[in-house]
Amino acid sequence: MNQFEAWNLRLLQNFFPAGSSGGEVFLGATPEELDRIGVDLGGDAGFLKAVREGPSWPLPAKFEDRVRLLVEQRTRTARRGPSYVDPRQLDPGYHPRGQVERSAPTYLPYLAALARAAAASGGDGYYARLRADLALPANWSAQNMGRIVQAWEDLQAWTRATEGAFGTFNVRRLGGFVHVGLPKSQVILTSGDIPAIHALFRSLGIEAGTPLSQAQRARMLAALRVGDHRVSRALAQAAREAAYSGELEAILVAIHETWDGRPTGDGGPRRSCHDEGGDGPAREAALGLYVEGALPWRLQVRFAGGPALQLDGDADVEGWRPRRLQDGEVVLSHVNGPAKEILTCLPFRSELQGVAWRLPRRPIWVLGREGGSLFELWETGLSPYGNVFLLADEQGASVLGEYLERANPRYEEVDTSGLPPGWRMVWLEEQSLTDDQLSLPQVRSTGRICRLVGGTSVTIGGSRHYLHYDLPRVLVSGPTGSVPSCNGVPLRPFPGEPQAPPVEGVPMARPVASFELPDFVEQGGVFSIEVFEQHGPKLPGGTTLRVKDPEALPLEAGSAGYGVDPHGRPIPVSGDGLGTPFDSMNAECQAGTFLEAPEDADLLAHDDSASGSWETNPAARFLDALATARRMSYGRAKALLGRLLSGGNAPVEPWRLLEDLRARGHVELERSGAAPSYVHAAPPALYELPIRIGRSRLYGLAGTIAFAQWRTLGALSLGCKRLVQFSRSKGDPTHAAYLPVLRLQAFFTADELRTRAAQTGIAVLPPMALRMARWSVGMRDVRSGLMANSSPLPPRDEAAGIRVFDAEVGRFKYWRGGFQRPEGQQLLLYEYEDPKVPGSRGYVLAHRQGFSRVHDLRWARWLAVVGSAAAPSQGWREIVPASKGRSGWDVWVPASLRFPAVIERALVLCKGCPPDERQMDAGREDGGRLDLIFARSRHAPGIRVDASTFAGMATGRWLVYEGVPDDVLRVVRGRFKETW
């Protein structure tokens, strides 16, 4: 699949996804949108390059002739050549089911390029922009454009023939232009229009949570026609044309439906603001109050965290205890005193790990109680059903008093212990508030009574779709007894919801009710969530739930992803699989030697329980989610894994699962310094193992595989046998949490398997272990690179929490001596807390030339271990222990040390499974060699290791990589040779 074909599939899956609800589709291929959906394909620049180069099969030279021929090939009015790639070959969801008119188009990149030019053209004009971007002739203009109208009409015909299964496309013209009006009509809404429309809602006084009235829709359209709310020119122009009023109203309703009433910006619910005492933009935080058993009130804030924040555990950061919510927001609970310590300083601004946030001052806050084991209140809107707290500062207290006297709602005073002097808090009892009672100055008069919270969602076709195995909860804040329904089926209360105990002096307001979704939504589709009074009518403020079709392949099946360079540093790759730019490997590097294994080898074992539990396995579910999302922030990935693990009994920390998946080539970790920042999907691939059992070939599985791909692999049973094993012993209580090992035993050629696997979007690769080992760098190159980038000065003097790596035992220990340069060849590895980014850690390697900042902690540990050991008499030592196994070599390493990323992956690719864990004890030492003895079977043969390197690490956990061929072992050992 070349880049043009990859982009065609990407456009299909993002704008015309399988399982669409039949709504109108606009091909909104703006440069920003192309950057967003195709980051791994080079974004907007990669898109233009792919359009200029075209597909892999021959086409005419002229741009318009190319488009017309692809239209004719789709409908088979022109012959398809043998190299023609139908989209169904890349994603079975686009299978025409024997009907030519249902064949998916292959010309979408060309039409998207026309739409992109409409969004990107400025003063130079549309055609000038198009000619420059696509390298078209200088006289290419309206006459040529007229010959492409056929493609727009064919796209409309295709969506009609498929009966809206992929959405509905309509040929439209914007601005009265016969030809240019077609692409202009597709980009009437850009990603930047969303926050502008949210701001327009607020400026017009439109509230969240209630349906838009016809009068409000008319006011919105009138405001858009003026174009003074920072909306795009295309959107303002569309608002001026009556033909677009219906579509624009539908867009406004959809945007309003998912708006929670708060200001928004890129990446989450926040607003950039400048505090008088600040030094730049900050994220606006929501106010919260909580009680720990008894008053006083304590303060907490909530804001959009984003990937920059790495929260580990509940460690306090400068008096704040951070935690991450399921939707990615961060909560900071102030633990150093009552709420008044912060509330008297409003507006308050602070930072968490370099991310600025700001709590503004308001005269009156509306707070609602949320469920849970802690009594806590959070900012919300003034519900028409009451059951909210009103909090006023010393200036707002008079306004609140006037409101209570004028509107006369039922209320109770609330104890203000812990709040600043002069502040007042009341609880509005549950009641139906009149319009006058809902009129409170500077307060939102209503909040959404039905919200979706938690779960994992991805963007498909511009809409949020949840994953069927990590669905949200439905929160309802209507009157007592309100019952939500999904497509008419009443929902059940969420089981096991903890309840906070009563707090003296505070009314026991009813918390927001939580409900679980019915099982049938797991089949995927679009569902209507409505709320009804108990034995009464429907209430305003429902919402729409979209669930991704579990049978659909990931949006980017078979596409590129992230990988590593020879140093183990993350880089984008071209999609060849296993996170390595295959084409840039040594072309002369052959597959290497093959091991012969007996017919009863454990490689051919199959565990039915491991296979049957694949789709309930937490790690497999995480990979399916990542296959669609393509990347997640490290914090979001850990939060998702935490939720997926919570349903089982395996005591595994999410970061350990992520490290296991990375080591086995299923994901890639992007780092900011030494800390992970993003988790990226890796291209899925079957790779041949360097093992022969009879006449069959064995393959391992790597990359980010989706459930749909897993099921399709199971359909390759003719001539193939799918072998699944637990990756850890069943005696290990964590074995059910880790991803099972998948191997494929094939009884036909690699070419035949490659043809069969093409429909899944999974590549088939030759043996990769030796290639990967030779691809890696060695200790000398790493050391030279660090020395070349050294500084005579250590990190900042204010660096705190310094620890030094104890090379004898392979662990960091606390150090009070500050940063010091060692003497001679010795290397010292330091860990420290970065004072400018609280909670993050930095690493520096000290040597006699100075200090080098560390980005690969594993290589730095090896350098420190080797650099601190005494020099051997022969000038070098063998520091990669190995013993002869049943098939090939077993390679050993202390669990506290581990191999660097690329070398570890090369060893994993030998047998297609993670290393085994062995508990070892130190035995006797003889001639510089130390015996390791199995702790649980002291009479079993152990392994001899270098005493000066591993004596302090001998007793404890060791990792054993089995089935390593001779040539791979030689290369790996060569990477660790160090000359003294």
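Biologist: In helix H20 (residues 707-714), how many of the residues are buried?
Modeller: Bear in mind that this is a predicted model. Helix H20 is mostly covered, and it has 8 residues. The buried count in H20 is 6.

Biologist: Zooming out, what share of the residues in the chain is buried?
Modeller: The chain holds 27 helices and 46 strands. Of its contacts with a separation of 6 or more, 69% link residues 24 or more positions apart. Across the 980 residues, the buried share is 56%.

Biologist: Arg 66 is buried, so which side chain of opposite charge is nearest to Arg 66?
Modeller: Arg 66 sits in helix H4 (residues 63-74). A salt bridge would need a distance within 4 Å, and Arg 66 has none, with the nearest opposite charge 8.8 Å away. That side chain belongs to Asp 65.

Biologist: Leaving out residues up to four places away in sequence, which residues does Arg 66 touch?
Modeller: Arg 66 is in helix H4, and it is buried. With those sequence neighbours set aside, its contacts are Glu 53, Gly 54, Leu 59, Pro 60, Ala 61 and Tyr 110.

Biologist: Which strands stand at the edges of the open sheet that holds S14?
Modeller: The sheet has 4 strands, ordered S14-S17-S21-S20, with antiparallel pairing. An edge strand has a single partner, so one side of it is left without a neighbour in the sheet.

Biologist: In S17, which residue is the bridge partner of Val 453?
Modeller: S14 and strand S17 (residues 473-476) run antiparallel and are joined by 4 bridges. In S17, Val 453 is partnered by Arg 473.

Biologist: How many residues lie between S39 and S40 in their hairpin?
Modeller: Strand S39 (residues 841-847) runs antiparallel to S40, with 4 bridges joining them. His 847 stands opposite Gly 850 in S40. The number of residues between the two strands of the hairpin is 2.

Biologist: Which residue in S40 is the bridge partner of Ser 790?
Modeller: S40 (residues 850-853) also pairs with strand S35 (residues 790-791), antiparallel and over 2 bridges. In S40, the partner of Ser 790 is Ser 852.

Biologist: The side chain of Thr 344 reaches which backbone oxygen?
Modeller: Thr 344 lies in the loop between helix H14 (340-343) and strand S7 (348-352). At 48% relative accessibility, Thr 344 is partly exposed. Its side chain comes within 2.8 Å of the backbone oxygen of Lys 340.

Biologist: How far apart in space are Thr 344 and Leu 419, C-alpha to C-alpha?
Modeller: In sequence, Thr 344 and Leu 419 are 75 residues apart. In space, their C-alpha separation is 8.7 Å.

Biologist: How many disulfides turn up in a search of the whole structure?
Modeller: A disulfide needs two cysteine sulfurs within 2.5 Å. The search of the whole structure gives 0.

Biologist: And for Cys 910, which cysteine has the nearest sulfur?
Modeller: Cys 910 counts as buried, at 0% relative accessibility, whereas Cys 345 is partly exposed at 42%. Cys 910 is in no disulfide, and the nearest cysteine sulfur is 9.8 Å away. That sulfur belongs to Cys 913.

Technical notes:
Residues numbered from 1 in each chain as written. Predicted model: local features only at pLDDT ≥ 70, side-chain atom pairs only at ≥ 80, totals over all residues. Heavy atoms only, no water. Buried < 20%, exposed > 50% of the residue type's maximum accessible area, 1.4 Å probe, protein only. Lys, Arg positive; Asp, Glu negative; His and termini not counted. Contact = heavy atoms within 4.5 Å. Pairing = 2+ DSSP bridges. Polar contact = N/O pair within 3.5 Å; in protein donor to acceptor, adjacent residues only side chain to side chain.
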